[in-house]
Each structure stands twice: as structure tokens, then as C-alpha cells.
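Here's a quick briefing to read with the structure open beside you. Take it topic by topic and find each residue as you go.

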Amino acid sequence: MSPVSRVNLRRRSLLQATSAAALLPAASSQQALAAATTPADPWQQAQAIIDRFAIPLAFRKHDFTITSYGAAPCKLVKVSGQVASQVNGTLDTPAPGSTDCYPAIAAAIAACHAAGGGRVLIPEGSWYCKGPIVLRSNVNVHLAAGAQVYFSANPDDFAKYGDFDCGPHGKLVLSRWQGNDCLNYSPMVYAYGQDNIAITGEDWTSILNGQGGVPFEGGFKDSWWDWKGRHKEAGRMSEIVVNPRNPASLDALAPTMLAADRALVRGEGDRWRSDSRYLPVLSEAGVPVSRRIFGHGHYLRPCMVEFISCTNVLMQGYTLNGAPFWMHHPVNSRYVHIKGVNLDSMGPNSDGFDPESCDTVLVDGCTFNSGDDCIAIKSGKNRDTQFGPTRNVVIQNSVMNSGHGAVTLGSEMAGGIENVYAQNLEFRNVFWATDALNIAIRMKTNMNRGGYLRNFYVRNVSIPNGVQTTPAFYKPLPGSAIQPNSVASSAGGVITIDCDYAPADDSVRTRPPMVSNVHISGIKVGNATTPDGSFSCYQAMVILGPVASSYNGPAGVPVLPLSGITIADCDFGTPRNASQPWFLHNVRGLTLDKVTIAGKRYSTTLPA
């Protein structure tokens with residue numbers, strides 16, 4: 001059987017499958033946690049992951065230059081748009097009538113693949129691309145110095161070339177959106193089921209531009225970023241507005257589901273019919289992926305770069321701007337390397353790098369300027385856990401300038417996360433005065449996303465300008481023992497473990513998360529001078545274990561405390577909340593060893 005046939009079979013299997021997970025938490029998760037062992041030498045394990053990438057990927061030494069297939073550079077014009085989320089400014093965009101280079105790039109990739117591989121070369125210049133760059137095995141798409149690819153600001157162009165003809169919805173691709181599988185617009189750079197692939201640049205003048213803040217072509221008011229729904233205009237569609245194309249009832253989609261379960265999945269009111277909530281509802285209802293059709297008429301923005309079920313993947317040496325949604329999103333992939341990339345997109349949900357259900361990942365020498373989390377490790381949401389955990393990840397030698405979280409685990413982590421190592425990092429927080437880094441090290445989940453997190457190690461982190469020094473409080477559900485405006489788990493902590501993240505966003509809350517074996521050392525946090533004092537953060541640590549009252553499943557399911565957490569040899573600077581430098585809930589002992597906060601040294605075990 002050919003590799004293509006195998007890929008097609010895997011796709012068909014996934015399209016028809018529903019996860020074996022039910023609305024209830026799986027006992028296997030509890031058993032897996034109990035069976036987990038602490039690595040004897042975690043940093044030796046990290047080095048073994050790094051060593052796996054010592055030999056670079058090899059590609060046949062033959063270039064396929066896109067101008068040989070009809071590509072022509074374009075001129076640029078100025079246009080008014082968003083330079084960051086809801087920040088207006090002037091942007092460059094291809095002039096009207098520019099040559100569409102999509103056919104040439106696709107032909108060069110096809111020829112390169114057919115010849116046994118090589119390098120598809122995009123020369124210096126500006127190139128207009130009305131469709132996705134779809135990588136194939138043994139192909140390295142390389143941007144020369146000064147090469148800039150502008151992907152069209154037109155959603156139609158990313159619903160033309162997919163493998164799945166979904167009629168009026170367009171020709172779509174198999175994708176994953178915030179942890180849930182679906183058929184949707186193609187990412188700008190995409191691959192499914194390929195091996196030995198790369199997208200590379202000569203230097204940071206080699207640019208992939210998704211034009212996320214540029215108004216859609218044809219005189220439309222919206223851009224990709226407007227689909228987030230941060231505007232408040234009545235009647236303007238977005239991912240958070242009820243979409244009349246989504247059915248008013250789940251009866252036909254899930255006819256065998258009990259009425260009580262359908263009611264639980266929908267939650268109160270009709271907000272479940274907005275696209276961003278409708279997709280998770282389809283997952284909870286066990287609707288197969290073949291019936292989770294979005295694209296035309298819907299408002300789920302595609303990732304900029306997404307590789308699904310690939311092996312031996314390299315992203316190296318370029319700049320990425322203007323991502324419609326997450327910047328880089330490898331899914332169910334193995335041996336993934338991102339190196340020396342400048343991730344610079346300040347749009348809504350502009351996560352920099354989000355490996356999901358991947359095994360053996362190295363992030364090395366990258367710089368992040370993100371509109372959301374710089375790095376967010378994920379592993380599925382709701383019942384879409386078939387790809388399993390993300391494991392064996394090293395993050396090192398990188399700079400995080402801004403974002404919601406510098407190194408984040410979650411929140412979509414239903415399949416679990418384990419064996420993550422972060423070292424030699426600078427969370428620079430250069431925009432501390434106007435757009436501060438919210439949290440440095442962040443773990444987030446809730447009773448819906450569940451999952452487990454274990455074996456997370458951090459060392460040698462510099463945070464010269466601290467993090468946000470004012471709190472952003474989470475909103476507990478009604479009836480919680482935790483009072484509103486008391487837990488700054490959304491912003492203000494240097495280290496935050498949040499096991500009740502945005503609980504009102506999920507109506508099904510039946511999967512208590514589990515967190516164990518987290519070891520953080522060598523963090524040095526500086527103070528920033530604010531109008532009312534010099535501070536490093538709001539609190540040094542916010543450790544919010546699972547909140548039992550948020551659970552709404554059957555009785556008898558244990559809600560376990562966090563365990564095995566140590567913080568050592570750290571200096572957290574001066575928290576603004578000097579009277580309460582940390583918050584703990586549902587933690588079975590948190591060990592501090594030579595930890596300095598506001599000049600005071602702590603070596604103790606804290607009770608929850």
C-alpha cells in the first residue's frame with residue numbers, strides 16, 4: 001500500500017471516529033497517574049531529547065525555484081488595518097492585480113516531491129499567495145533573505161484546495177481548533193501525514209505574513225482578527241456570536257444521547273450555537289469529525305502553520321507576522337524542531353508555538369512577541385483525546401518579550417502532558433509598561449479539560465522586568481468556597497497553576513485534572529518601576545488546585561490535590577501584594593527551598 005493510501009485510510013478513520021472517552025473521567029487516567037514514576041535524572045532525559053536533533057534533517061541538494069514555475073514578485077501598497085489586536089495602523093499589502101503565486105509554489109512542491117525531494121526556493125522579493133503552502137515528504141520550502149510571502153486576506157482562498165469537498169462550505173482540510181478536530185479553512189502552511197519536511201528561512205528578513213489584521217479583499221470591513229469578536233457592533237458575525245447556520249437542537253446530530261446529557265452539553269441559553277462553542281459541543285456529543293464541518297459561513301480562524309500526523313519536522317530561521325490565529329500548531333507529530341524563529345504576531349489568540357499531542361519536541365533559540373501565550377503545550381479537549389499526551393519536550397535558549405504566559409501548559413490538555421523541560425530562558429517582558437507579560441510559568445486546566453500534568457522541570461530563567469504587577473482575578477462559579485476577586489490566576493503571578501481556568505466556559509465539568517511532580521529552580525525576577533513603587537509581580541505564586549464545587553459529574557469521583565511541587569533557589573523580587581505573596585488551594589504540601597520573596601528567605605513546606 002502506498003504512503004498516500006495509508007494517509008487516506010488514517011484520515012477516513014479519524015473522520016468517522018468518535019473518541020472512546022465518555023462524559024465521565026476515565027479510570028485509566030487515575031491509574032496512569034498512580035503508575036507514573038519520577039525520572040531518575042530529569043535533565044539527563046532532557047539532554048537525550050536535545051541529542052535526538054543533533055543530526056539535521058537531510059534533503060536532496062536540488063533547488064526548485066518558484067519563478068521557474070510562473071511565480072512573479074508583487075509590488076506593495078499601504079492599507080489601514082490592525083497592527084495589533086484592536087490597534088489601528090498602516091500595513092503593507094500586495095497591490096491589486098498582483099500575480100497569484102499559489103499555483104507556482106504548489107507546482108514546485110509537487111515537482112520536488114516527485115523527484116525524491118529537495119528544496120523549493122522562494123527568492124528575495126514580495127510574493128502574493130492566494131492559497132496554502134502544503135508541504136510534502138522530503139521537501140524543504142526555503143525563503144531566501146528578503147523573501148516575503150503575503151498570504152491573501154481572503155478566507156475563500158483557504159477553502160479552495162482542501163482534500164474534503166464540503167459543498168457550500170468549500171474544499172476544506174482536516175484541522176484541529178482549540179483542541180477539537182474539525183473540517184475547516186486550511187492553515188497558510190499545512191501538512192498531513194508527511195515525513196521529513198521543513199519550512200525554513202535564510203534569516204529574519206525571510207517573512208511569512210498571514211495578514212491577520214488586513215481588511216479582507218473586496219472592500220470588506222472585517223479581517224481575520226475581527227472574527228475573534230472583540231468588536232461590540234450588533235449584527236457583526238464572529239466566532240462568539242450565535243451562528244444561525246448551526247442547528248437549534250442536538251436531536252438530529254446525537255439521536256441516541258440521553259436528553260439529560262444533551263442538556264448538560266448545551267448548557268444554559270443558546271450561546272452553544274456560536275462556532276467557538278458549537279465545535280466543543282459536537283465533540284462532547286460524540287459527533288464524528290466528518291460531520292463537524294465549518295469553513296464558509298463560519299468563523300473559526302485557521303492557524304498560520306499546522307502539521308498533523310507528521311514526523312521529522314523542522315521550522316527554522318524565519319519571521320512570522322500577522323497570524324490569523326495560533327502561529328505554529330503541530331498535532332500528533334513526532335520529532336518536531338523549531339529553531340531560531342522570530343514569532344511576532346500581536347493578534348488575538350496569537351500563541352507562538354502550541355505542540356499538541358506530540359512526542360519529542362525541541363524549541364531552541366526562538367524569540368516570541370505574542371498576542372497570547374508564547375508557548376502553550378496542549379493535548380486535546382473534550383472527547384478528542386485519541387492522539388494521547390504531549391511528552392518529551394525541551395524549551396531552551398529563547399526570549400519571550402510579551403504574551404499572556406511565557407511557558408504555558410494547557411489549557412486544552414485532556415490527553416495529558418508529561419516530561420517537559422524548560423531551561424536557560426529570558427522572559428524579557430520589554431513592554432512591561434504598556435503590555436506586560438501576564439504570567440511567566442503557567443499551567444492551566446479545569447474540570448472539563450481535565451488531563452494530567454506530571455514531570456515538569458524548569459531551571460535558569462531570568463525575568464528582568466518582572467511580570468504584570470496588577471492582578472487579573474478569576475471568576476469562580478456560583479456556590480464556590482473561593483470568593484470572587486481573591487485569586488489572581490489570570491495575571492500577576494510569576495508561577496501560576498490554575499486548575500479552575502475559566503470554568504464558566506465549559507458546561508461539562510466531569511474530569512478532575514491531576515498535577516504532580518513539578519520542580520522549578522533558578523528563577524531570578526527583577527522589579528519594574530511603576531508610578532506607585534518598584535514591583536516584580538502581584539504575587540510570587542498562585543497555586544489553585546482543583547476546585548471541588550466546579551465538578552458537576554456523578555458523585556464518588558476523587559478530586560485530588562496537587563502534589564510533589566518544589567520551588568528552589570529562586571528570587572521573586574518584590575510582589576505588589578506584600579501581605580500575601582502567594583495563594584494556595586488544594587495542594588498537598590508545596591516545598592520552598594532557599595526561596596527569596598521581598599528580601600525574605602523561605603525554606604519550608606507550605607500547607608494548602
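Two parts of a structure are in contact when heavy atoms lie within 4.5 Å of each other. With that in hand, you can see that the buried residues of helix 6 pack against strand 10 (171-177), strand 11 (180-184) and helix 5 (259-266). Keep in mind that this is a predicted model.

**The whole protein**

- The protein has six helices and 38 strands.
- For 608 residues, a compact globule would have a radius of gyration near 25 Å, and the 23 Å found here agrees with that.
- Along the principal axes, the C-alpha atoms fill a box of roughly 70 × 55 × 50 Å.
- Buried residues make up 61% of the 608.
- Take the contacts with a separation of 6 or more: 75% of them involve residues 24 or more positions apart.
- The accessible surface is about 21,700 Å², and 52% of it belongs to carbon and sulfur atoms.

**The nonpolar cores**

- In soluble globular proteins, nonpolar side chains tend to be buried together.
- The largest nonpolar core here has 121 residues, and Phe307, Phe427, Ile495, Met541 and Phe572 touch the most other members.
- Helix 4 (residues 102-114) gives the most to this core, with six residues.
- Apart from this core lies another one of 20 residues, among them Leu282, Leu300, Trp326 and Val508.

**Helix 6**

- Helix 6 (residues 275-284) is largely enclosed by the rest of the structure, because nine of its ten residues are buried.
- Among those buried residues are Asp275, Tyr278, Leu282 and Glu284.
- After helix 6 comes Gly286, which has a positive phi near 75°.

**Aromatic pairs**

- A search of the whole structure turns up 17 aromatic pairs.
- One of them joins Tyr185 and Trp227 in a tilted arrangement, with 5.9 Å centre to centre and 45° between the planes.
- This pair links distant parts of the chain, 42 residues apart: Tyr185 is in the loop between strand 11 and strand 12 (189-192), while Trp227 is in the loop between strand 14 (207-209) and helix 5.
- Tyr185 counts as buried because its relative accessibility is 3%, and Trp227 counts as buried at 5%.
- Tyr278 and Phe294 form an edge-to-face pair, 6.2 Å centre to centre with 65° between the planes.
- Tyr278 lies in helix 6 and Phe294 in the loop between helix 6 and strand 15 (305-308), so their pair ties together parts 16 residues apart in sequence.
- Both Tyr278 and Phe294 are buried.
- There's also an aromatic cluster made up of Phe158, Tyr185, Phe216, Trp224, Trp227 and Tyr299.

**A look at His328**

- You'll find His328 in strand 18 (residues 328-331).
- Is His328 buried or exposed? His328 is buried, because its relative accessible area is 0% and the cut-off for buried is under 20%.
- The side chain of His328 makes a polar contact with the side chain of Tyr318 at 2.8 Å.
- That His328 side chain also reaches the backbone oxygen of Gly352, at 3.1 Å.
- Leaving aside neighbours within four places in sequence, the contacts of His328 include Val305, Met315, Leu320, Ile338, Leu343, Asp351 and Phe353.

Conventions:
Residues are numbered from 1 along each chain as its sequence is written. This is a predicted model: local features need pLDDT of at least 70, side-chain atom pairs count only at pLDDT 80 or more; totals for chains, interfaces and linings use all residues. Side-chain values use heavy atoms; hydrogens and water are left out. Helices (H or I, at least four residues) and strands (E, at least two) are DSSP runs, numbered from the N terminus. Buried means under 20% relative accessible area, exposed over 50%, partly exposed in between (1.4 Å probe, protein chains only). A polar contact is a pair of N or O atoms within 3.5 Å; within protein, one must be able to donate a hydrogen and the other to accept it, and residues adjacent in sequence count only if both atoms are side-chain atoms. A nonpolar core is a set of buried Ala, Val, Leu, Ile, Met, Phe, Trp, Tyr and Cys residues joined through side-chain atoms within 4.5 Å. The radius of gyration is taken over C-alpha atoms; the globule rule is 2.2 Å times the number of residues to the power 0.38. Accessible areas come from the Shrake-Rupley method with a 1.4 Å probe; for residues, only the protein chains shown count as cover. Rings of Phe, Tyr and Trp (its six-membered ring) pair if their centres lie within 6.5 Å; planes under 30 degrees apart count as stacked, over 60 as edge-to-face and the rest as tilted.
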